[in-house]
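The following exercises concern the reading of a protein structure. Each task is followed by a solution set out in steps.

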Amino acid sequence: MRAVHFGAGNIGRGFIGLILSRAGYEVCFVDVNEELVSQLRERGSYQVVLADGSGHAEQVSGVTAINGTDLELVAQHVAEADLVTTAVGVNILKHIAAGIAGGIARRVKQSVAPLHIIACENAIGGSSRLKEHVYGHLDEETRQQADRTVAFPDAAVDRIVPIQHNEDPLEVTVEPFYEWVVDRSAVLEGYHEIEGVHYVDRLEPYIERKLFTVNTGHCSAAYAGYLRGYDTIQQTMADQSIAGEVRLALEETGAVLVQRYGFDEEEHEQYIGKILERFRNPHLTDETVRVGRSPIRKLSPEDRLVRPALQAVELGMEPVQLAKAMASALHFDYQDDPEAVELQETIRTEGIEQAITRYTGIEAGQPLFALILDNYHYLNKGAH
């Protein structure tokens, strides 16, 4: 079985590539980093180390790589693949769409074998978004043919892969925990399920559970830790006052999830506990500036802070801790992050009230707006 995976970065190698290799796939990575591509092609294997203190390492072999700028070669590999996956970042999906479209156009002329294309991105509806980009490159006849033999099931993925400082550029250190959930209702008949992947008939509850727990908690810790001068998430979570705030934020999102999707309250409480333990993992070093990067994206209406807070308000709750996390994000002024620079410039030139509405979509006069503003001013007084 052959898989084409877009993105040979740490998530691609340490998570998706590893699971596919375990499941019996030969993996061809597609990336624009020529050094990574040539190393993978030359060596044909790499090592994944578990960050649990055991020193356990797993060898991933039978891999190769091609350069994503060679669209003809990409199209050829996609045309011959049994599976296509991505881990490139949701904003990059549009840049890989042409190569995938070229492969589909070749494939539907040559074969009726089904192809599944799964975007393993930190976003709701990643595969659906990728399909839109890909179909934008296809004519109507090819789209109709593709509708019969190509599926784009959405997925939810979760594994912490920190910034790496390894001597071997291909080695990846990952946390032991992972979760890869795929929407079974969108797969084609006779599909070969990937071992190690959890298939569900309704994906949205799992996507939001992950987004509102792992992503909300992670960035809440990052922004609070950054404001108090901590370099890593692990240092941050050792501060009991911040750890308590992160738990409160997750209790707010948890109340939303339990009410909306009917998750078992006790089981969800255990899930929160597991997530907090993952953030504390002493064998991981995850920098606050890495987890907090792109604050504009993280403050957007459909993302990890604003979305659950608005849902909480709709359900008659007051998301005090989520508002504080948003206020902390508005203070994120890391100079090496273009979004943080833009955010601070907007606050300086247009004022905090305009900035809140511009980036969160929350208008002045809404209860949540006042909560964010009050917390912003409170943090501004140097309470941190």
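The exercises below treat a predicted model.

**Exercise 1. The chain as a whole**

Determine how many helices and strands the chain has, and why it can be called as compact as a globular protein of its length.

Solution. 
Step 1. The chain contains 17 helices and twelve strands.
Step 2. Along the principal axes, the C-alpha atoms fill a box of roughly 65 × 50 × 45 Å.
Step 3. Of the 384 residues, 54% are buried.
Step 4. Consider the contacts between residues at least 6 apart in sequence: 71% of them join residues at least 24 apart.

**Exercise 2. The pair H7 and H9**

Decide how helices H7 and H9 are oriented relative to each other, and classify the residues of their contact.

Solution. 
Step 1. Helix H7 spans residues 204-227 and helix H9 residues 240-261; their axes come within 9 Å and cross at roughly 160 degrees.
Step 2. Angles over 145 degrees count as roughly antiparallel. The two helices, H7 and H9, are therefore roughly antiparallel.
Step 3. The crossing of H7 and H9 is right-handed.
Step 4. On the H7 side the contact includes Phe212, Thr216 and Ala224, and on the H9 side it includes Val246, Leu250 and Arg260. By class, the residues of this contact are eleven nonpolar, six polar and five charged.

**Exercise 3. The pair H7 and H10**

Describe how H7 crosses helix H10, and state which residues meet.

Solution. 
Step 1. The axes of H7 and H10 (residues 265-280) come within 10 Å, with a crossing angle of roughly 35 degrees.
Step 2. This crossing is right-handed.
Step 3. Arg209, Lys210, Thr213, Val214, Gly217 and His218 of H7 meet His268, Tyr271, Ile272, Ile275, Arg278 and Phe279 of H10.
Step 4. Five residues of the contact of H7 with H10 are nonpolar, four are polar and three are charged.

**Exercise 4. A single residue**

Is Gln234 buried or exposed, and which residues is Gln234 in contact with beyond its neighbours within four places in sequence?

Solution. 
Step 1. Gln234 lies in helix H8 (residues 233-238).
Step 2. Buried means under 20% relative accessible area. Gln234 has 15% relative accessibility and therefore counts as buried.
Step 3. Leaving aside neighbours within four places in sequence, Gln234 is in contact with Phe279, Arg280, Asn281, Leu284, Thr285 and Asp286.

Methods. Residues numbered from 1 in each chain as written. Predicted model: local features only at pLDDT ≥ 70, side-chain atom pairs only at ≥ 80, totals over all residues. Heavy atoms only, no water. Axes fitted to C-alpha atoms, helices over the stretch in contact; angles between N-to-C directions. Helix = DSSP H or I, 4+ residues; strand = E, 2+ residues; numbered from the N terminus. Parallel < 35°, antiparallel > 145°, perpendicular 65-115°, else oblique. Left-handed = near helix turned anticlockwise from the far one by under 90°. Contact = heavy atoms within 4.5 Å. Nonpolar A, V, L, I, M, F, W, Y, C, P; charged D, E, K, R; others polar. Rg over C-alpha atoms; globule rule 2.2 N^0.38 Å. Buried < 20%, exposed > 50% of the residue type's maximum accessible area, 1.4 Å probe, protein only.
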